[in-house]
Every structure is written in C-alpha cells, then in structure tokens.
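Here's a quick briefing to read alongside the model. Take a look at the sequence and the 3D view, then work through the points below.

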Amino acid sequence: LQFGLFFYCYGVYLHSGYEHSFISPHNGYINTSFQHYAHHARSSMNTPYHCGFFLKIWDQLFNSCYPEEKSCFCAECARKNGERSLEEFKKIDIPDYSVLLKPSFWLTKSLFKIEAKE
C-alpha cells in the first residue's frame, strides 16, 4: 500500500509540471518534474532523455541525461536569468477556466445525441 501510494503521488508530482524549489533539477540523485518534462519535450526516437523513473542512476548508467552542453531550460536557471519573474508572469493572458466547473458546459444535448456514421 505504501509503495503504491508513494509512486502514485510521485507520478502526480512528475506530471504536475511544477518545479518545486525544495529539490533542484540539478541534484544528482532524484528525477524531478523538469526531467519528466525534458523526457517528453526534448526526447526523440533516436535521443531518449531521462527514461529512469525515480532515480537518476539509470539515466547516468545508460547515458540518457539531457546533455549539459545544451542550454538548460529548467525553472531554476530561468529564474537566475531573469526569465521567470512576477512581471513576466503578469504579461501572460490566462484564460478563464471557471466555465469548466459548470455542469452546463459538459452536459449538452449533443452529449446524448446518437448520430449515424456515413
């Protein structure tokens, strides 16, 4: 039970996309949400990055870490470069997602309508 609960919560953390400040993406032991993002955003069929789940040792053993010679795009480095500031965040146009909380958005007449395929 503890094993399943831990890995479920860790999986939620990885998929949240939020880089917590209590663990640096540059630590040498544990994969963070940054490594998971890099795995999906920067990997390709011929260059897989960060295929280990929890421990970085697997990526280090099989040389699948994101190359250090490429520019780092983690939140920690972006903050150091002044790219992630409150002023920059305020420039972003954030959509109003509250409409998704209303049942009328989801429950429409077309939801229950069965149409024949041509």
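This is a predicted model: local features need pLDDT of at least 70, side-chain atom pairs count only at pLDDT 80 or more; totals for chains, interfaces and linings use all residues.

Helices here are DSSP runs of H or I with at least four residues, strands are runs of E with at least two, and both are numbered from the N terminus. Residues are numbered from 1 along each chain as its sequence is written, and side-chain values use heavy atoms, with hydrogens and water left out.

**The whole chain**
- Along its principal axes, the C-alpha trace spans about 55 × 40 × 40 Å.
- Buried residues (under 20% relative accessible area with a 1.4 Å probe, protein chains only; exposed is over 50% and partly exposed is in between) make up 24% of the 118 residues.

- Asn63 counts as exposed because its relative accessibility is 69%.
- The C-alpha atoms of Asn63 and Tyr8 are 26 Å apart, and the two residues are 55 residues apart along the chain.
- His36 lies in helix α2 (residues 33–41), and it is buried, with a relative accessible area of 18%.
- Leaving aside neighbours within four places in sequence, His36 is in contact (heavy atoms within 4.5 Å) with Leu14 and His15.

**Aromatic rings**
- The structure holds 14 aromatic pairs, meaning rings of Phe, Tyr and Trp (its six-membered ring) with centres within 6.5 Å; planes under 30 degrees apart are stacked, over 60 edge-to-face, and the rest tilted.
- Tyr49 and Tyr66 have ring centres 5.1 Å apart and planes at 75 degrees, so they form an edge-to-face pair.
- Tyr49 is in the loop between α2 and α3 and Tyr66 in the loop between α3 and α4, so this pair ties together parts 17 residues apart in sequence.
- Both Tyr49 and Tyr66 are buried.
- Ring pairs also link Phe3, Phe6, Phe7, Tyr10, Tyr13, Phe53 and Phe54 into a cluster.
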